[in-house]
Amino acid sequence: LELMWRSVTLNDQEPEFFSNISAAAWTAGRYDEGLWAAQRALALDGRHTGALNNLGFNLRSLNDIDGSIAAFDQALGLAPGFNYARWNRTFSLLAKGDYERGFGDYDLRLTFPQTQPNGRIPANTPIWRGESGPGKSILLLCEQGLGDTFMFARFVPLVTARNLAVTLAVPRSQVALMQQSFSGVAVVAVGAHEGLTFDFWAALWSLPAALRTTLDNLPAPAKFLATREVDVASWQRRLAEATDRATPAEEQQPRALRIGLVWQGQFAGLDNQMAERSIPPRMMSRFVAAFRECTWVSLQHGAPPLAATNVIDWTAEVAEFTQMAALIDALDLVITIDTGAAHLAAALGAETWVLLRQAGDWRYGISGENCVWSPTMRLFRQDESRRWEPVFEHVADALRKYQADSLLSQPTR
């Protein structure tokens with residue numbers, strides 16, 4: 001990026017230079033700089049479609065959703081075949097709740113090599129567009145991250161309701177959980193579907209458009225993934241053994257809240273977008289230390305443990321998601337960043353508090369504490385300062401109230 005800025009010192013009248021700086025600045029998370037560079041490019045050439053596209057996603061990252069849609073629309077007005085601008089616009093439309101147009105254009109990802117579903121697409125098999133199919137079969141392919149599979153699994157029962165024989169291909173770590181959640185669906189690991197034949201196929205993110213999903217008919221059940229009672233009971237016993245103190249009966253008190261915790265996303269050290277979602281470990285450790293009366297349970301994979309001494313870490317035992325899900329079901333609350341654990345917890349109907357960067361992902365909308373995808377999810381957003389400290393102040397206040405309410409409702413030990 002610094003080398004790009006040097007190029008404009010040699011020629012400050014070339015809009016392409018400023019458009020490239022805008023794209024690079026967005027990748028680096030320097031959105032104000034990216035916005036300025038895109039505007040500079042457009043001041044030199046108001047019909048520069050690349051600069052309009054870059055303007056759009058920098059504005060979206062600054063939470064100006066209407067401005068980003070206007071920029072993408074302007075680019076498409078000049079170049080209707082500019083599919084990258086149309087693709088980028090989908091996320092702004094979805095953030096605004098325009099699911100019909102947003103998901104309607106989302107299949108554009110299938111034309112780009114970097115956004116293909118996981119696993120091989122069956123040859124000579126049409127994409128499913130929502131039709132009923134008595135006696136027909138369909139392959140549903142997972143795509144993108146583990147959290148996306150958890151989140152979009154809600155649509156699987158709606159596909160089976162169309163009288164289709166469904167095969168769901170997911171990562172191996174998710175197979176058992178999906179098997180126990182969806183009876184009547186053949187769940188296989190990605191790759192195991194190759195060589196089989198199907199009448200239709202669809203990637204999970206294509207299901208909302210095929211099912212004509214809008215905000216009004218969005219399926220948002222409180223719980224759509226299942227755990228086994230025996231597994232949950234086992235984790236409840238372990239939590240009790242790890243945290244309960246032997247006290248005389250006359251001194252018994254309501255038990256401490258059991259709270260799951262995730263603070264860092266996968267590849268946070270390599271990907272700026274994920275780094276923005278993640279919370280510095282020292283900050284999370286200070287927060288946990290301030291609530292020593294709670295029982296904290298790490299649900300964090302792929303990161304060093306927190307320095308806090310009051311965090312239980314059983315993550316080595318929950319790499320398989322049936323056990324991760326059962327542990328979550330044994331907790332009172334999950335506090336997490338925007339990552340796969342958030343979507344797993346919400347899919348299980350767990351009370352889930354999600355800490356979001358200022359311009360959160362489209363699925364969380366633009367503002368507010370509620371998430372239309374999950375009735376048990378509560379959102380805590382950064383403000384325009386893009387700092388986590390105000391978020392933690394809000395979470396701390398909410399947790400103190402949650403504790404007070406729990407004292408009134410919990411039975412004693």
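Arg 386 sits in the loop that runs from strand 11 to helix 17 (389-409); helices (H or I, at least four residues) and strands (E, at least two) are DSSP runs numbered from the N terminus. The model is predicted, so local features need pLDDT of at least 70 and side-chain atom pairs count only at pLDDT 80 or more, while totals for chains, interfaces and linings use all residues. Residue numbers start from 1 along each chain as its sequence is written, and side-chain values use heavy atoms, with hydrogens and water left out.

**Loop residues with positive phi**

- Arg 386 is not a glycine, yet its phi is positive, at about 60 degrees.
- With a relative accessible area of 32%, Arg 386 is partly exposed (buried is under 20%, exposed over 50%, partly exposed in between, with a 1.4 Å probe and protein chains only).
- Arg 212, also not a glycine, has a positive phi of about 55 degrees.
- The loop between helix 11 (207-210) and helix 12 (229-243) holds Arg 212, which counts as exposed because its relative accessibility is 55%.
- Gly 29, which follows helix 2, has a positive phi near 80 degrees.

- Helix 2 covers residues 15-27, and its 13 residues should span 18 Å at 1.5 Å a residue (the expected span is 1.5 Å times one less than the number of residues).
- The end C-alpha atoms of helix 2 are 19 Å apart, in agreement with that span.
- The buried residues of helix 2 are Pro 15, Phe 18, Ser 19, Ile 21, Ser 22, Ala 24 and Ala 25.
- These buried residues pack against helix 1 (2-10), helix 3 (31-44) and helix 4 (49-61).
- Asn 58 belongs to helix 4 and counts as buried because its relative accessibility is 0%.
- Apart from neighbours within four places in sequence, Asn 58 is in contact (heavy atoms within 4.5 Å) with Ser 22, Trp 26, Arg 30, Tyr 31, Gly 34 and Leu 35.

**Trp 362**

- Trp 362 is in the loop between strand 9 (352-356) and strand 10 (370-371).
- A relative accessible area of 4% makes Trp 362 buried.
- Neighbours within four places in sequence aside, the contacts of Trp 362 are Phe 91, Leu 94, Ala 95, Tyr 99, Phe 103, Met 151, Phe 152, Trp 205 and Trp 373.
- Gly 133 is 229 residues from Trp 362 along the chain, and their C-alpha atoms are separated by 32 Å.

**Cavities**

- There are two cavities of 30 Å³ or more in the structure (a cavity is a set of points on a 1 Å grid, over the protein atoms alone, where a 1.4 Å probe fits but cannot get out; lining residues have an atom within 4 Å of a point).
- The largest cavity contains about 70 Å³ of space, volume being the space filled by probe spheres set on points joined across faces, edges and corners.
- Its lining includes Met 151, Arg 154, Phe 224, His 343, Arg 363, Trp 373 and Met 377.
- Helix 16 (340-347) and strand 11 (374-381) each give at least two residues to the lining of the largest cavity; helix 16 supplies the largest share, three residues.
- Eight nonpolar, two polar and two charged residues make up the lining of the largest cavity (Ala, Val, Leu, Ile, Met, Phe, Trp, Tyr, Cys and Pro are nonpolar; Asp, Glu, Lys and Arg charged; the others, Gly among them, polar).
- The second largest cavity, of about 30 Å³, is lined by Arg 277, Asp 338, Leu 355, Leu 356, Arg 357, Gly 360 and Asp 361.
- By class, the lining of the second largest cavity has four charged, two nonpolar and one polar residue.

Key:
1 Å grid on protein atoms, 1.4 Å probe; cavity = no way out; pocket = protein on both sides within 12 Å on 5 of 7 lines; lining within 4 Å.
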